[in-house]
Amino acid sequence: MLGPQDLEGHAAGLAQRVASTGADVVVARVRYLAGRLDVAISLDADLPGSGFPKTSRLRFVERWARGFRDQPWRLVEYTYELIDHERDSRRALHLHNADWFVQTYRVVVHEHCERPIGTTHCDHLAGTPVRDGYEALDRLMETWTHDDPVDCTSYACLEWTTGTSDSVEDDTLIDI
């Protein structure tokens with residue numbers, strides 16, 4: 001949680017931390033909503049590299065909320081993504097639609113992994129919560145700087161672990 005006046009400092013610090021990796025911060029913005037009780041922070045950055053076929057990119061979006069102006073901010077949603085065009089992969093850390101994810105998968109956070117980009121073996125992967133954009137940056141940079149490309153098959157699929165992707169048709173009788 002951040003104090004009532006700390007969000008702009010958080011956003012500026014996060015942009016500086018992303019830039020310290022050698023990334024070129026393209027967009028960093030803070031948008032106040034709902035009478036300054038809800039804030040969206042967004043940051044896009046191009047990662048250094050060959051630029052072939054395209055420049056790899058980081059995309060961070062955080063939504064912070066508070067009940068009253070004198071209360072601390074709480075991180076209530078996030079999207080942290082690495083789109084690595086050079087290795088044709090995408091890794092994303094997400095917290096959104098919490099009620100739906102709890103009801104459907106019994107989790108609040110999830111991840112996405114695509115290799116090649118646009119191809120996935122599972123729509124929603126089990127994830128580990130991140131505290132904030134700084135921790136997300138560390139995790140995504142570890143993926144980006146690792147010698148081997150991300151192995152999407154190494155992540156647990158939420159659809160498989162929660163039984164929401166049943167291969168048995170309704171009204172099928174199974175003797176046990």
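In this predicted model, F101 is buried, with a relative accessible area of 2%. W100 and F101 form an aromatic pair of the edge-to-face kind, with 4.8 Å from centre to centre and 85 degrees between the planes of the rings.

The structure holds five aromatic pairs, and another of them joins F60 and Y80, whose ring centres lie 4.9 Å apart and whose planes stand at 75 degrees, so that this pair is edge-to-face. Since F60 belongs to strand β3 (residues 57-65) and Y80 to strand β4 (residues 74-84), the pair ties together parts that are 20 residues apart in sequence. Both F60 and Y80 are buried, and together with Y78 they form one aromatic cluster. A ring can also meet a charge, as at Y32, where the charged end of R36 sits over the ring, 3.8 Å from its centre.

Helix α3 covers residues 133-145 and reaches 18 Å from its first C-alpha to its last, close to the 18 Å expected at 1.5 Å a residue. Its buried residues include L137, L140, M141 and W144. At the N-terminal end, α3 is capped by D132, which places a side-chain oxygen 3.0 Å from the backbone nitrogen of Y134.

Another forms between R63 and E77, with the closest N and O atoms 3.4 Å apart; R63 lies in strand β3 and E77 in strand β4, so the pair ties together parts that are 14 residues apart in sequence. R63 and E77 also belong, with D38, to a network of salt bridges. A further salt bridge, at 3.1 Å from N to O, joins the side chains of E111 and R91, linking strand β6 with strand β5. Here E111 counts as buried at 4% relative accessibility, and R91 is buried with a relative accessible area of 8%.

Methods: Residues are numbered from 1 along each chain as its sequence is written. This is a predicted model: local features need pLDDT of at least 70, side-chain atom pairs count only at pLDDT 80 or more; totals for chains, interfaces and linings use all residues. Side-chain values use heavy atoms; hydrogens and water are left out. Rings of Phe, Tyr and Trp (its six-membered ring) pair if their centres lie within 6.5 Å; planes under 30 degrees apart count as stacked, over 60 as edge-to-face and the rest as tilted. Helices (H or I, at least four residues) and strands (E, at least two) are DSSP runs, numbered from the N terminus. Buried means under 20% relative accessible area, exposed over 50%, partly exposed in between (1.4 Å probe, protein chains only). A charge sits over a ring if NZ of Lys or CZ of Arg is within 6 Å of the ring centre and within 35 degrees of the ring normal. The expected span of a helix is 1.5 Å times one less than its number of residues. A polar contact is a pair of N or O atoms within 3.5 Å; within protein, one must be able to donate a hydrogen and the other to accept it, and residues adjacent in sequence count only if both atoms are side-chain atoms. A salt bridge is a side-chain nitrogen of Lys or Arg within 4 Å of a carboxyl oxygen of Asp or Glu.
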